[in-house]
Amino acid sequence: MLRRLTSYKRIVFFTGAGMSAESGVPTFRGKGGIWKKYDYKSYATQRAFDRAPEKVWDFHNLRRDAVAQCTPNKGHRLIAELESKHPHVMVITQNIDGLHQLAGTRNIIELHGNLWRTRCESCDRIQESREAPLIDLRCECGAYRRPDIVWFGDSLPKHEFNAATREMKRCNLVVSVGTSGLVHPAAELPVLAKKSGATLVEINPETTETSKFFHHRLQGTATEMLTQLIG
Ligand code: OAD
């Protein structure tokens, strides 16, 4: 039996693309998924960027354009409201859209970077801009800026991954929302929490690769199920 949410001391929401689906941000896999339409090898790898930076930027500018039209949904808002009332709520997200923060979430670890940030290929300068499309693709030093996100083959940012690992090992409850559980190492994080004694809840309309690890499964969309759980 899942206890009342407020009876858990440390709560982690572990979110994936399904969290933002009802905001209109397309997911990666499944019907209408981004990787169905675009071959990730040509658009989401360092190799592709080295070969054709402008082409890779065209794709990411389409994504900036699309995400710029989206606003947080009720699920994002409910998580942010819970954070304001509960002593310890943390979001660990694979999403790069920034919608949790727009909803008011402050305690957040972004495992896969952020679409609104760029990193210089040469001097590593980080810049933030919500410009969509981003016009100036060069850093002041003359080198290309790249989206500061994790592409296929990139390592996860060390600081964020270590912080997420620590948090998972200390929490009492993990609510996983809208992730296929196919992308590693992020997908292993809830299992770490389970090994440390946490209760695991999965919210997803579908059965996933990792469903079997969860103690409780809420089969439905993020907004429906988060309303049941928190609202
Ligand atoms: P996926 O596209 O792999 O999976 C999305 C999940 O959301 C699926 O399991 C869907 O069933 C579920 N879903 C769809 N609509 C939903 C809704 N309304 N409410 C709840 N769940 C819903 O996305 P991720 O698991 O986030 O990495 O993918 C992980 C990583 O793969 C992404 O961060 C991205 C991608 O390549 C990078 O860009 C590095």
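## Ligand contacts

A polar side-chain atom of Glu22 sits 3.3 Å from a nitrogen atom of the ligand. This is a polar contact, that is, a pair of N or O atoms within 3.5 Å. The model is predicted: local features need pLDDT of at least 70, side-chain atom pairs count only at pLDDT 80 or more, and totals for chains, interfaces and linings use all residues. Residues are numbered from 1 along each chain as its sequence is written, and side-chain values use heavy atoms, with hydrogens and water left out.

A backbone N or O atom of Gly178 lies 3.3 Å from one oxygen atom. An N or O atom in the side chain of Thr179 is 2.7 Å from an oxygen atom of the ligand. Taken alone, the ligand exposes 800 Å², and the protein buries 90% of that. These areas come from the Shrake-Rupley method with a 1.4 Å probe. In total, 23 residues surround the ligand, each with a heavy atom within 4 Å of it. The closest are Phe28, Arg29, Val150, Thr179 and Ser180.

## The parallel sheet

An open sheet of 6 strands has the order 3-2-1-7-8-9, with parallel pairing. Strands (E, at least two residues) and helices (H or I, at least four residues) are DSSP runs, numbered from the N terminus. Two strands pair if DSSP finds at least two bridges between them. Strand 3 (108–110) and strand 9 (216–218) are the edge strands, each pairing on one side only. Neighbouring strands are turned by 15° against each other on average, direction ignored. Axes are lines fitted to C-alpha atoms, for helices over the stretch in contact, and angles run from 0 to 180 degrees between N-to-C directions.

Helix 10 (residues 222–229) packs on this sheet. It touches strand 1, strand 7 (173–177), strand 8 (199–203) and strand 9. Contact means heavy atoms within 4.5 Å. The direction of helix 10 makes about 140° with that of strand 8.

## Val89 and strand 2

Strand 1 (residues 11–15) and strand 2 (residues 89–93) run parallel, joined by 5 bridges. Val12 stands opposite Met90 in strand 2. Val89 also belongs to strand 2. Val89 and Val12 are 77 residues apart in sequence, yet 5.9 Å apart in space, C-alpha to C-alpha.

Val89 is buried, with a relative accessible area of 1%. Buried means under 20%, exposed over 50%, and partly exposed in between (1.4 Å probe, protein chains only). Not counting residues up to four places away in sequence, Val89 touches Ile11, Phe13, Ile79, Leu82, Glu83 and Asn107.

A second open sheet has 3 strands in the order 5-4-6, and its pairing is antiparallel. Strand 5 (126–128) and strand 6 (145–149) stand at the edges with a single partner strand each, so one side of each has no neighbour in the sheet. Here, neighbouring strands are turned by 40° against each other on average, direction ignored.

Strand 4 (residues 113–120) joins strand 6 over 4 bridges and strand 5 over 3 bridges. Arg119 stands opposite Arg146 in strand 6 and opposite Ile126 in strand 5. Thr118 has Pro147 of strand 6 as its bridge partner. Strands 4 and 5 form a hairpin with 5 residues between them. In the turn, Asp124 has a positive phi of about 70°.

## Cover on strand 4

Strand 4 is largely enclosed by the rest of the structure, because 7 of its 8 residues are buried. Helix 5 (residues 53–68) lies across strand 4 and strand 6. Helix 5 runs at about 140° to strand 4.

Technical notes. A polar contact is a pair of N or O atoms within 3.5 Å; within protein, one must be able to donate a hydrogen and the other to accept it, and residues adjacent in sequence count only if both atoms are side-chain atoms.
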